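Hello,

Here is the structure I promised to pass on to you. Please have it open while you read the notes below.

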Amino acid sequence: MTATPEIPVFWEDTIATGHLARARVALDDGSILNVGADSSLRVTKHDAASQQTDLELSYGRVRANAVKQTKSGASFKIRTPTGVAGVVGTDFFLAFENYVTRIVVFEGKVRFCNLAGVCVEVSQGQSSTIRGDQDPDAPAIAPNTDLMDAGRSTALHGAGASAGAGAGSLAGHGLLLGTMLVIGVAVPVVLVRSLSKTPTCGSGTVTAVAGPARPAASGCGIATPTSGAAPK
């Protein structure tokens, strides 16, 4: 379905961006995701109460600004077909293209693993790559060109340019996922819904960017595109 203003987003939903589209996703726990163009990001799980978040990047690029994980058993992970990035609170960029997973860390540290469980710890200013089923490269200082490309390819143009700016306040709803999509340019952002796996959500209030609090109805949050139309 087309991403429209106030559209609810649930577990197992997929956010797919068009060729020039970019989207911001604000999670219930305060984490911010900037999704680049030509990307597909699925919300496998997001439980703000227990700080459990699982995302799947099928293809494309995403920059994640994750809040610090403080609770016992807390987890924030983004998976690709070849690797997993797990954090405890940081700002990093992850891309999966041509069967290669690449990470660039802007702040904090990320545990970066292949599917066989071979891991490296990537620190601020470093990058690493997993090629196919190979082990992750040893972390190395990321060239300035890589840092600039990672930031520019996921930044939104117009309202709120940085990963965490202008995210607004999202009320926690336990098992709910509160989201807000802000489209950077007037091209498609599509929400693909898997109704058979969508949990039932209670009522609640979500406060969007530059907008008053509105009832969340039967949804798990809201999506607010600022412009653009999606293909049928």
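What follows is a short tour, from the whole protein down to single residues.

First, some housekeeping. This is a predicted model, in which local features need pLDDT of at least 70 and side-chain atom pairs count only at pLDDT 80 or more, while totals for chains, interfaces and linings use all residues. Residues are numbered from 1 along each chain as its sequence is written, and side-chain values use heavy atoms, with hydrogens and water left out.

**The whole protein**

The protein has one helix and 16 strands (DSSP runs numbered from the N terminus: H or I of at least four residues for helices, E of at least two for strands). Of its 232 residues, 51% are buried; buried means under 20% relative accessible area, exposed over 50%, and partly exposed in between, with a 1.4 Å probe and protein chains only. The accessible surface is about 9900 Å², and carbon and sulfur atoms hold 55% of that (Shrake-Rupley method, 1.4 Å probe; for residues, only the protein chains shown count as cover). Among contacts (heavy atoms within 4.5 Å) with a separation of 6 or more, 57% are between residues 24 or more positions apart.

**The cores**

The largest nonpolar core has 31 residues, and Leu33, Phe76, Ile78, Phe92 and Ile103 have the most contacts inside it. By nonpolar core I mean a set of buried Ala, Val, Leu, Ile, Met, Phe, Trp, Tyr and Cys residues joined through side-chain atoms within 4.5 Å.

**The disulfide**

There is one disulfide in the structure (a pair of cysteine sulfur atoms within 2.5 Å). It joins Cys113 to Cys119, with 2.0 Å from S to S, and the link is right-handed, at 105 degrees about the S-S bond. Cys113 counts as buried because its relative accessibility is 12%, whereas Cys119, at 24%, counts as partly exposed.

Ala116 sits in the loop between strand S10 (109-114) and strand S11 (119-123). Its relative accessibility is 67%, so Ala116 counts as exposed. Ala116 and Gly83 are 33 residues apart in sequence, with 8.8 Å between their C-alpha atoms.

Best wishes
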